[in-house]
Each structure stands twice: as structure tokens, then as C-alpha cells.
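Here is a short tour of one protein chain, meant to be read with the structure open beside it. Please turn the view as you go.

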Amino acid sequence: MTLHELEGFGVSRMADGEMRDFLTNRGVGVLGLPADGEPYMLPMSFGFDGEDCLYFTFVATDGSRKERLSERGDDAAFLVFDAPSRFMWESVLLSGAVSPVPESEWDDLGDALGNAWRPKLFEQNDLAADVTVYRFRIADRVGYKQNGLPPGFEPAQSGEST
């Protein structure tokens with residue numbers, strides 16, 4: 001379906017400011033890295049600098065697929081979404097490149113990493129030493145949303161059969 005057709009169902013494209021606010025207020029998405037055969041998809045917490053970069057913290061393991069594919073992640077994608085109901089949802093799809101951030105720059109990323117959601121597991125002190133920070137440089141972004149029932153949609157009344 002085209003955006004024009006979807007607009008008839010109450011879907012609209014998000015403006016740049018809406019996408020920026022959405023990314024600032026979310027901290028989890030799905031990273032897609034190029035791999036042989038099919039993309040490698042994984043849930044990731046992220047921080048957003050408010051402009052054109054996301055930041056990820058990877059818990060390092062020797063030879064992990066995630067790190068290996070990130071090293072060559074020139075054509076990566078990242079999806080952030082929220083769908084509290086069928087007719088109330090938002091999603092932003094980003095494309096760009098992933099690269100490691102030199103450790104000498106990590107202290108400057110405090111604000112950008114502030115909204116990243118992290119499982120309690122990753123707050124353990126013994127894991128802190130094995131962390132690497134990666135930057136996702138956003139080359140392109142597109143966002144869509146639906147904020148209510150589509151025009152002409154009549155929900156079934158309680159007690160009516162469908």
C-alpha cells in the first residue's frame with residue numbers, strides 16, 4: 001500500500017520533530033545488520049543525541065557475531081516502535097552505518113546514552129569492564145503513526161454479534 005492509501009485509514013507520516021521526540025523518549029529498538037543470507041536482527045537499547053546518531057553499548061564476548069557484523073555495518077537499519085493498541089502506534093525506521101566509538105570519546109556521550117533502557121543484568125559490576133560503545137550514524141529516517149480509529153470505523157457494541 002502507498003502512504004496515500006494508508007492515509008485513508010488514519011496513518012500519517014511523522015514530521016522530523018516528531019521523529020526526534022519519539023527517538024528521544026524511547027530507549028529500545030531492533031538493530032538489523034547485513035549478514036550472509038538474511039539480516040541479523042537483535043533487540044538493542046540505545047541512546048539518541050537528538051540529531052543524527054544513536055549509541056549502543058555492547059557487552060563484549062570474544063568473537064561475537066554482533067560485534068563482527070557491526071564492524072562491517074555500512075548498511076545497517078534500526079527500527080523503533082511503540083504499539084499500545086491496534087489504532088495507536090508509531091514507528092521510525094532508520095538506515096545508516098554502525099562503527100565503534102573510541103574509548104577516549106565515551107565520557108562525552110553521557111547525555112546521548114541517558115535514555116537507553118538497560119536490563120538489570122547489564123548493571124552488574126563484573127560486566128562493566130567488557131562493554132564497547134558503537135555509533136549508528138543516521139543516513140535516512142522515515143516515521144509513521146496512527147493516533148486513533150480509522151475514518152468510518154465503527155467498533156462492535158458490547159453484546160452485538162460480529
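Does Arg26 count as buried, exposed or partly exposed, and at what relative accessibility? Arg26 counts as partly exposed, at 24% relative accessibility. Here buried means under 20% relative accessible area, exposed means over 50%, and partly exposed lies in between (1.4 Å probe, protein chains only).

Before going further, please note that this is a predicted model: local features need pLDDT of at least 70, side-chain atom pairs count only at pLDDT 80 or more, and totals for chains, interfaces and linings use all residues. Residues are numbered from 1 along each chain as its sequence is written, and side-chain values use heavy atoms, with hydrogens and water left out.

**Salt bridges**

Arg26 has a charged partner, Asp82, with which it forms a salt bridge. The term stands for a side-chain nitrogen of Lys or Arg within 4 Å of a carboxyl oxygen of Asp or Glu.

| Pair | N to O distance |
|---|---|
| Lys145 and Glu18 | 2.2 Å |
| Asp82 and Arg26 | 3.0 Å |
| Glu105 and Arg135 | 3.0 Å |

Take the pair Lys145 and Glu18, joined by a salt bridge. Because Lys145 lies in strand 8 and Glu18 in helix 2, this pair ties together parts that are 127 residues apart in sequence. Helices (H or I, at least four residues) and strands (E, at least two) are DSSP runs, numbered from the N terminus. Lys145 is buried, with a relative accessible area of 13%, whereas Glu18 is partly exposed at 30%.

As for the salt bridge between Asp82 and Arg26, the pair links distant parts of the chain: Asp82 sits in strand 6 and Arg26 in the loop between helix 2 and strand 2 (28–33), 56 residues apart. Asp82 is partly exposed, with a relative accessible area of 27%.

The side chains of Glu105 and Arg135 also meet in a salt bridge. That pair links distant parts of the chain, with Glu105 in the loop between strand 7 and helix 4 (125–128) and Arg135 in strand 8, 30 residues apart. Glu105 is partly exposed at 30% relative accessible area, while Arg135 is buried at 10%.

**Helix 2 and its packing**

Which residues of helix 2 (residues 16–24) are buried? They are Met19, Phe22 and Leu23. Seen down the axis of helix 2, its buried residues fall within an arc of 95° (taken from the directions from the helix axis to the C-beta atoms), so they line one face of the helix. An α-helix has 3.6 residues a turn, so residues three or four places apart point the same way. The buried residues of helix 2 pack against strand 4 (47–48), strand 6, strand 7 (88–100) and strand 8.

**Strand 8 and the segment after it**

Strand 8 (residues 131–147) also holds Gln146, which counts as buried at 6% relative accessibility. The side chain of Gln146 makes a polar contact with the side chain of Trp89 (2.9 Å).

Gly148 is in the segment after strand 8. Leaving aside its neighbours within four places in sequence, Gly148 is in contact (heavy atoms within 4.5 Å) with Phe87 and Met88. Gly148 and Gly10 are 138 residues apart in sequence and 7.2 Å apart in space, C-alpha to C-alpha.

Note on methods. A polar contact is a pair of N or O atoms within 3.5 Å; within protein, one must be able to donate a hydrogen and the other to accept it, and residues adjacent in sequence count only if both atoms are side-chain atoms.
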